[in-house]
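Here's a quick tour for anyone meeting this model for the first time. Have a look at the fold below, then follow the notes one topic at a time.

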Amino acid sequence: MIRICMVGTGYVGLVSGACMADFGHRVTCVDINQERIDSLVRGGIPFYEPGLDRLVLKNVEEERLFFTTSLAEGIHQADVVFIAVQTPMSKTGEADLQFVMKVGEEIGALLDDYKVIVTKSTVPVGTNRKLKQVIQSKLKKPVDFDMASNPEFLREGSSIEDFMRPDRVVIGVETPRSEELMREIYRPLYLLDTPMVRTGIETAELVKYASNSFLAVKISFINEIARLAEAVGADVSDVAKAMGLDKRIGSKFLHAGLGFGGSCLPKDTNAIVHIAQEAGTEMRTVKAAIGVNEALPERALAKAERLTGGLEGKTVGLLGLAFKPNTDDIRSAASIPLVDGLLARGCRIQAHDPAAVPNFKQFYPDLEYCKSPYHACQDADIAILVTEWNQYRQLDLGNLREIMAGNAFLDCRNVYDRPHLEKYGFLYDCFGRAAHTSDV
Ligand SMILES: NC(=O)c1ccc[n+]([C@@H]2O[C@H](COP(=O)([O-])OP(=O)(O)OC[C@H]3O[C@@H](n4cnc5c(N)ncnc54)[C@H](O)[C@@H]3O)[C@@H](O)[C@H]2O)c1
């Protein structure tokens, strides 16, 4: 059993902490957000994540998982300290490291015996070295400690499964002692034959950015093929299916639509562009992927204009606000530029999302939020499917068509088939499968 301190109880910190406790370790989760910690102590989960409530409860009851706002309490009981605080995108595009560095200063001031300090937050190459200096500068007495990089690859919405059954675990370490502790933490995964990639620290830092950037490039690539498919009368879904069957390519992340959003891909692609710039080189493919992605909401708006004969003053039934299904996260969600564009055109927006409404409301208090997709589409001129939640995949289309004022349906995630929708009298458009009725 390893004693772990997890700093930050966001998506990554809380899921990692709960899973590590479930592996059998003793985990103390620390957060500066008093309200969040109070709620966790009472059994409340601060965000929507399937299965997390049960996992947290089980490990709290079995006395392996603890919550506190006191970093001192967390650190003094730990062999390994994970930093899992946010690294948001700054105004200029690079990763904002103020939260990570602040934790580093605090750790330095509290360190009194050997520990491994691990960055789980996604941090630019070189951050661990800088963090080590920050910690050293705050030490009250000479203390031996090691740095390690252990990037996290979990996906919101399926994070527990991702953490418990990862494709690989990457550990960037510098000493045998820290390697041994890191391997011990993940030992339960050896039974599943999970590949453990042991690297140097800079390499581990880069693996995370390279992986996310590759996924972003893949998504933007298929979105470019979608545009081409529309222009030449091909179907991007069939193209993607056939491409994906090639084992060298793979079928994942080949879905045309509104592109990538969320708290990772947009910020990590921008960050790697900056990392490359600072290193005197360039990430041309990633820059292109960002450009393709950023243009997609505008494309959706142009399609909606065309379907409705002009959006000015129209009522829009918006289905989905979260950046993807099974999460309430709206960070860099495509719904945001879409809503901005619709509001700029004087549209009335009736929105529905199974989980993300409270988060969206904080930024857009004046939209009309509805309790079901049908309420959202009541008297609407157009329905726009933004997030492919399961409950939007089997809509009662006859009912929908009847309650709507108009007959336009924009399917931004290619969930439905054109002939099926047309059978119900809808004027339908989607991305990359629309050669006959769309030339946008
Ligand atoms: N969200 C994901 O799907 C995901 C996946 C892989 C990697 N990551 C990376 O993991 C990191 C964390 O992401 P997240 O989505 O969990 O962030 P988050 O914003 O959900 O959570 C961060 C938490 O850290 C806390 N915090 C900030 N400063 C603190 C301090 N000084 N002491 C204690 N707690 C502090 C905040 O209060 C918050 O609860 C980021 O670098 C992100 O890029 C995220």
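At 1% relative accessibility, Ser335 counts as buried (buried is under 20% relative accessible area, exposed over 50% and partly exposed in between, with a 1.4 Å probe and protein chains only). Ser335 belongs to helix α15, residues 335–344 (helices are DSSP runs of H or I with at least four residues, strands are E runs of at least two, and both are numbered from the N terminus). Setting aside neighbours within four places in sequence, Ser335 is in contact with Gly320, Leu321, Phe360 and Val386 (contact means heavy atoms within 4.5 Å).

This is a predicted model, where local features need pLDDT of at least 70 and side-chain atom pairs count only at pLDDT 80 or more, while totals for chains, interfaces and linings use all residues. Residues are numbered from 1 along each chain as its sequence is written, and side-chain values use heavy atoms, with hydrogens and water left out.

**Domains**

- The chain splits into domain 1 (3–199), domain 2 (209–293) and domain 3 (296–429), with bounds that come from an automatic or database domain assignment.
- Domain 2 and domain 3 have their C-alpha centres 24 Å apart.
- Their contact takes 15 residues from domain 2 and 16 residues from domain 3.

**The six-stranded sheet**

- In what order do the six strands of the open sheet run? The order is β11-β10-β9-β12-β13-β14, with parallel pairing (two strands pair if DSSP finds at least two bridges between them).
- β11 (368–369) and β14 (427–429) stand at the edges with a single partner strand each, so one side of each has no neighbour in the sheet.
- Helix α14 (residues 296–308) packs on this sheet, where it touches β12, β13 (408–411) and β14. The direction of α14 makes about 160° with that of β13 (axes are lines fitted to C-alpha atoms, for helices over the stretch in contact, and angles run from 0 to 180 degrees between N-to-C directions).
- Strand β9 (residues 315–319) and strand β12 (residues 382–385) pair in the parallel sense over four bridges, and Leu318 stands opposite Ile384 in β12.
- β12 and β13 also pair in the parallel sense, over four bridges; here Ala383 stands opposite Phe409 in β13.
- From β13, Ala408 and Leu410 point one way while Phe409 and Asp411 point the other, and all are buried.
- In a regular strand, side chains alternate between the two faces of the sheet.

**Another strand pair**

- Strand β7 (residues 169–172) sends Val169 and Ile171 one way and Val170 and Gly172 the other, and all are buried.
- β7 pairs with strand β8 (residues 196–199) in the parallel sense over four bridges, and the bridge partner of Gly172 in β8 is Thr199.

**Rings and charges**

- How many aromatic pairs are there? The count comes to eight (rings of Phe, Tyr and Trp, using its six-membered ring, pair if their centres lie within 6.5 Å; planes under 30 degrees apart are stacked, over 60 edge-to-face and the rest tilted).
- Phe409 and Tyr416 have ring centres 5.7 Å apart and planes at 80°, so the pair is edge-to-face.
- Phe409, Tyr416, Phe426 and Tyr428 form one aromatic cluster.
- Lys303, in helix α14, counts as buried at 0% relative accessibility. Lys303 lies over the face of Phe431, at 5.1 Å from the ring centre (a charge sits over a ring if NZ of Lys or CZ of Arg is within 6 Å of the ring centre and within 35 degrees of the ring normal).
- The charged end of Arg26 sits over the ring of Phe66, 4.2 Å from its centre.

**Loop residues with positive phi**

- Glu63 has a positive phi of about 60° although it is not a glycine. Glu63 is in the loop between α3 (52–61) and β3 (65–68), and is exposed, with a relative accessible area of 60%.
- Phe253 is not a glycine either, and its phi is positive, near 60°. Phe253 is found in the loop between α11 (236–244) and α12 (265–278), and counts as partly exposed at 29% relative accessibility.
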